[in-house]
Amino acid sequence: MISEGASQDWGDTLERKIQDRTVRIGVIGLGYVGLSLAVEFAKAGLQVTGIEIDADKVARLQRGDSYVQDVKPYEVKGLIADGKFLVVNDYQALQDVDAVSICVPTPLSKTKDPDISYIAAATKEIVSYLHPGQLIVLESTTYPGTTDEVILPALRKTGLQVGREFFVAFSPERIDPGNAQYHTRNTPKIIGGVTEQCAQVAKALYELAIQRVVLVSSARAAEMVKLLENTFRAVNIGLVNEVALMCNRLKIDVWEVIEAAATKPFGFMPFYPGPGLGGHCIPVDPYYLAWKLKTLDYKARFIELAADINTNMPWYVVSKVVDALNERRKSVNGSNILVLGVTYKRNTNDLRESPALDIMKILQDKGAYVSFYDTFATELRHLDGATHVSLDEAIVGAADCVIIATDHSNVSYEWVVAHAQLVMDTRNVTRDLHPDPKNVIKL
Ligand SMILES: NC(=O)c1ccc[n+]([C@@H]2O[C@H](COP(=O)([O-])OP(=O)(O)OC[C@H]3O[C@@H](n4cnc5c(N)ncnc54)[C@H](O)[C@@H]3O)[C@@H](O)[C@H]2O)c1
């Protein structure tokens, strides 16, 4: 931790504003993470200003609409009407806020290296408006060292002193879209400050809106916590996907094996195979860690191996479909394939990194005619030559193969199996069908 200045007056001033709830909050980037956080702070009675560069999103929020599934339009509407939540596309608003949460994207470049250009752009704007008594919290997932090595030096150029005049912390977002039990308020929040005082003011602020705040010793440790959580998932999914490949060779039902293993009350946590990784976090975040380690001459072997297996899963799904068609004396070239569920996860509308899209592309490259059905991806009606279709008997029956890529709960899979010629079930949703359907293949 960096040593602090002698006086903590600005820290006291900020803490007083937090205690009497007059603290004004700015959130940069109103996507899945930023909008949920901004709304949570505003629901806690705080004055929140959201800064978003996408004009469409700004307009939608300003008229009381929401584009994030877990944030309900009536909540946005109410908070905007009450004047608790202001949405702007102008950074000038930063001059009037006491705390800023940065929630901008952290994607990968084409070569799978971290792209922190969004963080850099937001930081540049913050620097222009940084004033004594301001707290800056980075929420975007990133490699360990970003807060200390990218954000802090830029803010220090203002001449203000960290831990004394301004405060900096990292607090990873843990939002799980579509999770009915855990949401922003009741998911414990990790915070690591650049100094002890930074950690304390950030903790005091977040405790106004989040039930439990957990402090770690540094921003770096907090950055690593997030990467451990997501690398843990990526590696375990990679392991179970490889177990699926092994079971396929051994002619054993991998799903039966996992369910039985999961009866062990200790020392085993079930993960399930699938068509590949999806979403903005699990397929992306481990690369941030691997990249950082590469700069330190360390090869993150588990991450590389898991990524290798997981990115191959869409190809594996297609190979099983090709084999099944072959058994029926059909070629994939010229066949009609219907994909059910194209978002990356059950009952969500998020298409980012969805393996269903990879499966569709691979099949099209092999000459298949691909259509899809997904009522959650409401804005998507055409996808690189694939068209959205309705789910009726004629369409299901005409498909040479129906691939269940994402297991949304609003589809009757029993009905699908009853009317389809061939079903590739990548999610084991047909497990309870009796008698065992002969037209279903699984991972
Ligand atoms: N989506 C999740 O489930 C999730 C969960 C945990 C962590 N995260 C992390 O949180 C961060 C944000 O993710 P997200 O899913 O909310 O992304 P998102 O793409 O949904 O939202 C980011 C928003 O930031 C806006 N933006 C970009 N640059 C900006 C700028 N300079 N100024 C103002 N607005 C700007 C974009 O227009 C967009 O609306 C990422 O680092 C991600 O890895 C995401």
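Visitor: Which residue in E8 does Ile191 stand opposite?
Guide: Ile191 stands opposite Leu215 in E8. Strand E7 (residues 189-193) and E8 run parallel, joined by 4 bridges. Strands here are DSSP runs (E, at least two residues), helices are H or I runs of at least four, and both are numbered from the N terminus.

Visitor: Before we go on, what kind of model is this?
Guide: This is a predicted model: local features need pLDDT of at least 70, side-chain atom pairs count only at pLDDT 80 or more, and totals for chains, interfaces and linings use all residues. Residues are numbered from 1 along each chain as its sequence is written, and side-chain values use heavy atoms, with hydrogens and water left out.

Visitor: Back to the strands. What is the strand order of the open sheet?
Guide: The order is E3-E2-E1-E4-E5-E6-E7-E8, an open sheet of 8 strands with mixed pairing. Two strands pair if DSSP finds at least two bridges between them. Strand E3 (85-88) and strand E8 (213-216) are the edges, and each pairs on one side only. The twist averages 25° from one strand to the next.

Visitor: Which strands does H8 touch?
Guide: H8 packs on the sheet and touches strand E6 (166-170), E7 and E8. Contact means heavy atoms within 4.5 Å. The direction of H8 makes about 150° with that of E7. For such angles, axes are lines fitted to C-alpha atoms, for helices over the stretch in contact, and the angles run from 0 to 180 degrees between N-to-C directions.

Visitor: New topic. How much space lies in the second largest pocket?
Guide: About 690 Å³. A pocket is an open set of points on a 1 Å grid over the protein atoms alone, with protein on both sides within 12 Å along at least five of seven lines; a cavity is a set where a 1.4 Å probe fits but cannot get out; lining residues have an atom within 4 Å of a point. Grid points are joined across faces, edges and corners, and a volume is the space filled by probe spheres set on the points.

Visitor: Which element gives the most to that pocket's lining?
Guide: H11 does, with 6 residues. Helix H8 (219-250), helix H9 (254-261), helix H11 (301-327) and strand E15 (440-442) each supply at least two. By class, the lining of this second largest pocket has 11 nonpolar, 3 polar and 10 charged residues. Ala, Val, Leu, Ile, Met, Phe, Trp, Tyr, Cys and Pro count as nonpolar, Asp, Glu, Lys and Arg as charged, and the others, Gly among them, as polar.

Visitor: And how many cavities of 30 Å³ or more are there?
Guide: A search of the whole structure finds 3. The largest cavity holds about 50 Å³ of space. Its lining includes Tyr32, Asp70 and Asn349.

Visitor: Last one. Which peptide bond is cis?
Guide: The bond from His434 to Pro435 is cis, with omega near -10°. Pro435 lies in the loop between strand E14 (423-425) and E15. Most peptide bonds are trans.
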